[in-house]
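Student: Hey, can you walk me through this one? I'd like to look at it piece by piece.

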Amino acid sequence: MPTNDVLRDLHHQMVRARVFEETIQKAYMEGKTPAFDIAAGPVPGEMHLAAGQEPVAAGVCAHLRPTDAVTATHRPHHVALAHGMDMPRMAAEIFGKQTGLCHGKGGHMHLFDAETNFGCSGIIGEGIPTAVGAALAFKKQGGDRVAVSFFGDGAANQGSFHESLNLAALWDLPVVFVCEDNAWAISVAKDKSTAIANNSDRAVAYGIPGVLVSDNDVVGVYEAAGEAVDRARRGGGPSLIEVKTDRLLGHFEGDPQLYRTAEEMEALRERDAITRFEAQLAANGVMGGDDAQAVWAAARAEVDAAIDFAVSSPYPDPASALDHVFA
Amino acid sequence: MAQTTETQRLLTTSKAISEAIAQEMERDPGVFVMGEDIGIYGGIFGATEGLLAEFGPDRIMDTPISETAFIGAAVGAALQGMRPIAELMFVDFFGVCMDQIYNHMAKIHYESGGNLDVPVVLTTAIGGGYSDGAQHSQTLHGLFAHLPGMKVVLPSTPYDAKGLMISAIRDDNPVLYMFHKGVMGLGWMTPNPRATGHVPPEPYAIPIGEADIKRPGSDVTIATVSLMVHRALDAAEALAADGIEAEVLDLRSLVPLDRAAIAESVRRTHRLLVVDEDYRSFGMSGEVMATAIEECFDYLDGPPARLAYPDVPIPYSRPMEQFCLPNADTIAAAARQLVTG
């Protein structure tokens with residue numbers, strides 16, 4: 001069992017991500033009502049939020065150092081924040097501002113950060129090979145850095161997933177593959193897309209450990225990831241972790257979600273991992289009184305400051321679109 | 001062309017490439033090579049011959065047939081400060097890994113707002129003429145040059161191949177280094193005397209983005225790349241016998257394209273013929289002609305002309321494939337037509 005400090009930190013990371021995304025969600029809808037116009041408002045473009053999937057990011061990233069490489073997906077916010085990405089500059093990037101991490105050239109699906117060695121890809125499954133390459137570099141460079149790739153259950157049906165696991169296993173690379181199984185590939189349910197129930201079983205095909213965390217439980221993720229990250233750091237090679245997690249929102253904001261019922265969505269909200277974890281922490285005496293509220297309030301203040309920074313920052317010079325094609 | 005030694009040391013293009021890689025690997029421990037059959041085999045087209053014996057399997061890494069994984073791994077390793085060279089055996093295989101090439105290798109520097117560099121050299125074999133059919137004979141340089149974010153280099157001689165490879169490895173950008181099978185000097189291809197040439201033993205860099213006049217002339221500019229430079233030189237010899245002096249301009253890279261050199265040559269010759277082994281439409285030939293029209297229209301005696309691969313998949317049977325490919329005779333005829341009207 002993690003220490004109480006670790007438990008409180010896991011809770012804090014999940015809450016920060018949730019508050020950040022709830023705030024982004026509101027900002028995203030500005031200018032997009034009554035008629036939804038994806039190009040309108042302060043945050044244009046697609047927006048993929050990860051509410052419900054916070055346990056995966058918090059539980060894994062708790063074991064990482066900023067120098068460890070992380071690749072994430074089109075749904076990257078919870079992972080980026082848990083890995084320590086600067087929230088104001090991340091928010092500014094999402095708002096398309098000059099002060100953003102990528103000076104407005106990346107956007108919410110393409111957050112790249114040298115300081116936390118973080119990258120993501122908007123193409124399903126295609127962030128995985130990059131993590132394998134980071135692990136290859138770490139092995140060549142010596143030391144004990146590791147790479148972690150986050151991807152969804154939809155990505156586990158892509159060739160890139162299988163090619164990457166094979167190569168990482170073949171070369172015994174320090175990489176951890178983390179499958180966030182939220183049961184949906186946009187509108188297609190996992191049992192309509194995937195021939196087996198658990199993607200963690202696919203580890204067998206590559207001779208690497210595969211671990212299933214079945215209940216979107218942050219402590220379960222923390223423990224599984226601890227083992228996998230330690231194994232990679234010690235030179236023990238790659239691992240695959242699958243977490244059965246929940247996507248509380250649509251694939252993207254504005255998704256009418258005709259593919260699932262109001263009852264199903266209500267049931268998901270009722271088993272919200274953060275609420276459950278708070279109850280567990282209270283029952284175990286790790287947090288009491290107003291502790292949880294204080295965490296939410298602190299997260300609120302941090303997020304508000306980040307969003308203020310983003311909103312008040314200038315847009316890039318339009319002609320700077322022509323810069324940075326080449327180094 | 002700067003030659004720094006008196007003695008003529010002759011190498012094939014493939015040897016020149018492997019020598020460049022070896023010298024950069026000695027200089028920079030971050031350089032390593034990944035690809036299919038690049039180890040004990042030495043690369044199907046010889047670009048990595050001898051490197052395994054010299055540097056061992058940790059730096060000369062045979063990969064599974066898994067282009068998405070190892071090209072993506074090259075991108076990931078480059079982001080961590082390494083300088084990987086990855087070989088896509090035939091450019092025609094891009095279909096199984098293009099996402100890593102154009103959505104990742106070519107875009108991450110830009111998407112990161114210039115904060116991250118991706119110094120990958122992606123080598124690949126191009127070209128036909130030996131009846132390898134529609135899936136193993138294309139050049140496709142126009143396709144890659146169309147997509148922003150990667151340099152596209154096409155050496156035609158052993159000397160250029162070494163200097164451009166050294167520049168490609170030292171470049172902080174992704175560089176697609178496309179070698180034509182017909183310029184490599186392989187013993188199992190149709191003999192090509194132009195595929196062997198003087199290569200200084202010491203390392204030297206040729207800047208990427210500078211065209212080279214392979215043969216000066218005053219009557220017509222023949223702009224081209226790669227194996228078609230050889231064909232154009234053959235054509236220029238035939239034209240000279242007729243009293244027509246053709247200038248053969250080897251573009252050497254499509255990204256960056258040396259537009260100034262194209263314009264400078266056309267201002268002198270007043271006529272432009274573009275020769276391209278790549279498909280005719282929407283590609284290099286149109287781009288070079290547009291450059292001349294935009295930059296030195298008033299100097300042109302008439303419309304620029306092009307000789308390119310017709311817009312058809314590459315046929316297997318010898319007479320059909322040879323019909324489609326530009327050659328010295330068709331190049332000379334097209335140039336003659338431009339000059340004599």
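Tutor: In chain B, 27 residues of domain 1 are in contact with 24 residues of domain 2 (in contact: C-beta atoms, placed from the backbone, lie within 7 Å). Keep in mind that this is a predicted model, where local features need pLDDT of at least 70, side-chain atom pairs count only at pLDDT 80 or more, and totals for chains, interfaces and linings use all residues. Residues are numbered from 1 along each chain as its sequence is written, while chains are lettered from A and ligands numbered from 1 in the order in which they are written.

Student: Where do domain 1 and domain 2 of chain B run?

Tutor: Domain 1 of chain B covers 11–198 and domain 2 covers 212–340; the bounds come from an automatic or database domain assignment. Their centres, taken over C-alpha atoms, are 26 Å apart.

Student: Which elements of domain 1 of chain B touch domain 2?

Tutor: Helix 6 (141–146), strand 6 (151–153) and helix 7 (158–170) of chain B each supply at least two residues of that side. Helices (H or I, at least four residues) and strands (E, at least two) are DSSP runs, numbered from the N terminus. The residues on this side of domain 1 of chain B divide into 10 nonpolar, 14 polar and three charged. For those classes, Ala, Val, Leu, Ile, Met, Phe, Trp, Tyr, Cys and Pro count as nonpolar, Asp, Glu, Lys and Arg as charged, and the others, Gly among them, as polar.

Student: OK, zoom out. How many helices and strands does chain B have?

Tutor: Chain B has 12 helices and 14 strands. Its radius of gyration is 19 Å, close to the 20 Å that the globule rule gives for 341 residues, so chain B is as compact as a globular protein of that length. That radius is taken over C-alpha atoms, and the rule is 2.2 Å times the number of residues to the power 0.38. The C-alpha trace of chain B spans about 60 × 45 × 45 Å along its principal axes.

Student: And what share of chain B is buried?

Tutor: Buried residues make up 59% of the 341 residues in chain B. A residue is buried if 20 or more other C-beta atoms lie within 10 Å of its own, exposed if 12 or fewer, and partly exposed in between, with C-beta atoms placed from the backbone.

Student: What about the sheet in chain B, what's the strand order?

Tutor: An open sheet of seven strands in chain B has the order 3-2-4-5-7-6-12, with mixed pairing (two strands pair if DSSP finds at least two bridges between them). Strand 3 (60–62) and strand 12 (253–255) of chain B stand at the edges with a single partner strand each, so one side of each has no neighbour in the sheet. The twist averages 20 degrees from one strand to the next.

Student: How do strand 2 and strand 4 of chain B pair, in what sense?

Tutor: In chain B, strand 2 (residues 31–35) and strand 4 (residues 83–90) pair in the parallel sense over five bridges. B:V33 stands opposite B:I85 in strand 4 of chain B.

Student: What does helix 3 of chain B lie across?

Tutor: Helix 3 of chain B lies across strand 2, strand 4 and strand 5 (121–126) of chain B, and runs at about 160 degrees to strand 4. Axes are lines fitted to C-alpha atoms, for helices over the stretch in contact, and angles run from 0 to 180 degrees between N-to-C directions.

Student: Now the two chains. How many residues of chain B are in contact with chain A?

Tutor: 33 residues of chain B are in contact with 34 residues of chain A. Helix 3 of chain B gives the most to its side, with 10 residues. The residues on that side of chain B divide into 13 nonpolar, 16 polar and four charged.

Student: Switching to chain A: is helix 4 of chain A enclosed or open?

Tutor: Seven of the eight residues of helix 4 (residues 87–94) of chain A are buried, so this helix is largely enclosed by the rest of the structure. Among the buried ones are A:M87, A:R89 and A:E93. The cover over the buried residues includes helix 1, helix 3 (77–82) and helix 11 (291–312) of chain A.

Note on methods:
Contact = placed C-beta atoms within 7 Å.
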